[in-house]
Amino acid sequence: MENRTIIMGADPSGFELKNTIKSYLLEKNHTIKDLTESGPIGYCDVGDKVGSIISEHPEYIGFVFCGTGMGVSISANKHKNVYCGVCESITTARFCKVINNCNMMAMGGLLITPFKAKMMVDAYLSANFTEGFSEATPEDLQSGLNSMRQIEKKIYKI
């Protein structure tokens with residue numbers, strides 16, 4: 001697994017899980033930019049701040065944390081070129097990358113144990129878009145992503 005630059009942040013309900021994942025990723029020599037290093041902020045602000053950076057830097061990965069993962073995901077997904085999946089299992093963590101080419105993952109600190117979160121992060125980071133999904137061809141998955149990008153062009157008038 002290659003080392004990545006990872007942008008992360010958390011609200012109060014996801015802060016402890018974020019810190020656990022941050023330490024885990026640092027042990028694996030990833031570069032971490034923690035936008036909530038000094039303390040948690042509101043979930044809308046977390047998603048907005050991390051999503052803004054990922055929107056401008058497609059080479060980065062984003063991890064965001066709140067109580068359920070939903071609030072930070074909704075906020076992050078307001079940015080163009082951001083595909084943030086809410087994940088609650090190892091399978092959804094892998095599939096959000098394989099099927100949807102998500103460049104951000106959201107997790108809920110009220111729902112996910114630290115051990116499971118580490119496994120989810122590994123599954124996400126080791127996955128590749130269109131690889132290892134037997135229910136659709138790589139061409140079908142790429143077509144879905146292309147359709148999503150067309151919707152973005154319409155919304156953002158780009």
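## Pockets

Helix H6 (residues 138-156) contributes the most to the lining of the largest pocket, with 8 residues. Helices (H or I, at least four residues) and strands (E, at least two) are DSSP runs, numbered from the N terminus. The model is predicted, so local features need pLDDT of at least 70 and side-chain atom pairs count only at pLDDT 80 or more, while totals for chains, interfaces and linings use all residues. Residues are numbered from 1 along each chain as its sequence is written, and side-chain values use heavy atoms, with hydrogens and water left out.

The volume of the largest pocket is about 330 Å³. Its lining has 16 residues, and Asn77, Val82, Tyr83, Met148 and Glu152 lie nearest the centre. By class, this lining has 11 nonpolar, 4 polar and 1 charged residues. A pocket is an open set of points on a 1 Å grid over the protein atoms alone, where a 1.4 Å probe fits, with protein on both sides within 12 Å along at least five of seven lines; lining residues have an atom within 4 Å of a point. Grid points are joined across faces, edges and corners, and a volume is the space filled by probe spheres set on the points. Ala, Val, Leu, Ile, Met, Phe, Trp, Tyr, Cys and Pro count as nonpolar, Asp, Glu, Lys and Arg as charged, and the others, Gly among them, as polar.

The second largest pocket has a volume of about 230 Å³. It is lined by 16 residues, with Asn81, Tyr83, Asn101, Asn103 and Arg149 nearest its centre. H6 gives the most to this lining too, with 5 residues. The lining of the second largest pocket divides into 7 nonpolar, 4 polar and 5 charged residues.

## Helix H1

Helix H1 covers residues 15-27, 13 residues in total, and spans 19 Å from its first C-alpha to its last, close to the 18 Å expected at 1.5 Å a residue. The expected span is 1.5 Å times one less than the number of residues.

Phe15, Leu17, Lys18, Ile21, Lys22, Tyr24 and Leu25 are the buried residues of H1. Buried means under 20% relative accessible area, exposed over 50%, and partly exposed in between (1.4 Å probe, protein chains only). The buried residues of H1 pack against strands E1 (5-10), E2 (31-34), E3 (61-66) and E5 (104-108), and against helix H5 (114-126). Contact here means heavy atoms within 4.5 Å.

## Salt bridges

Side chains of opposite charge can pair when their charged atoms come close. A salt bridge is counted when a side-chain nitrogen of Lys or Arg is within 4 Å of a carboxyl oxygen of Asp or Glu, and the count comes to 5. One of them joins the side chains of Lys22 and Asp34, at 3.1 Å from N to O. This pair links distant parts of the chain, with Lys22 in helix H1 and Asp34 in strand E2, 12 residues apart. Both Lys22 and Asp34 are buried. Lys22 also forms a salt bridge with Glu37, with the closest N and O atoms 3.2 Å apart. Glu37 lies in the loop between E2 and H2, so its pairing with Lys22 of helix H1 ties together parts 15 residues apart in sequence. Lys22 counts as buried because its relative accessibility is 14%, whereas Glu37 is exposed, at 57%.

Lys28 and Asp122 form another salt bridge, in which the closest N and O atoms are 4.0 Å apart. Lys28 is in the loop between H1 and E2 and Asp122 in helix H5, so the pair ties together parts 94 residues apart in sequence. Lys28 is partly exposed at 31% relative accessibility, and Asp122 is partly exposed at 21%. Salt bridges that share partners join Lys18, Lys22, Asp34 and Glu37 into one network.

## Residues with positive phi

Most residues other than glycine have a negative phi. Asn81 has a positive phi of about 65 degrees although it is not a glycine. Asn81 lies in the loop between helix H3 (70-76) and strand E4 (84-86), and is partly exposed, with a relative accessible area of 32%.

Thr130, in the loop between H5 and H6, has a positive phi near 70 degrees.

## Asp48

Asp48 is located in helix H2 (residues 43-56). Asp48 counts as partly exposed because its relative accessibility is 36%. Not counting residues up to four places away in sequence, Asp48 touches Ser75, Ala76 and His79.
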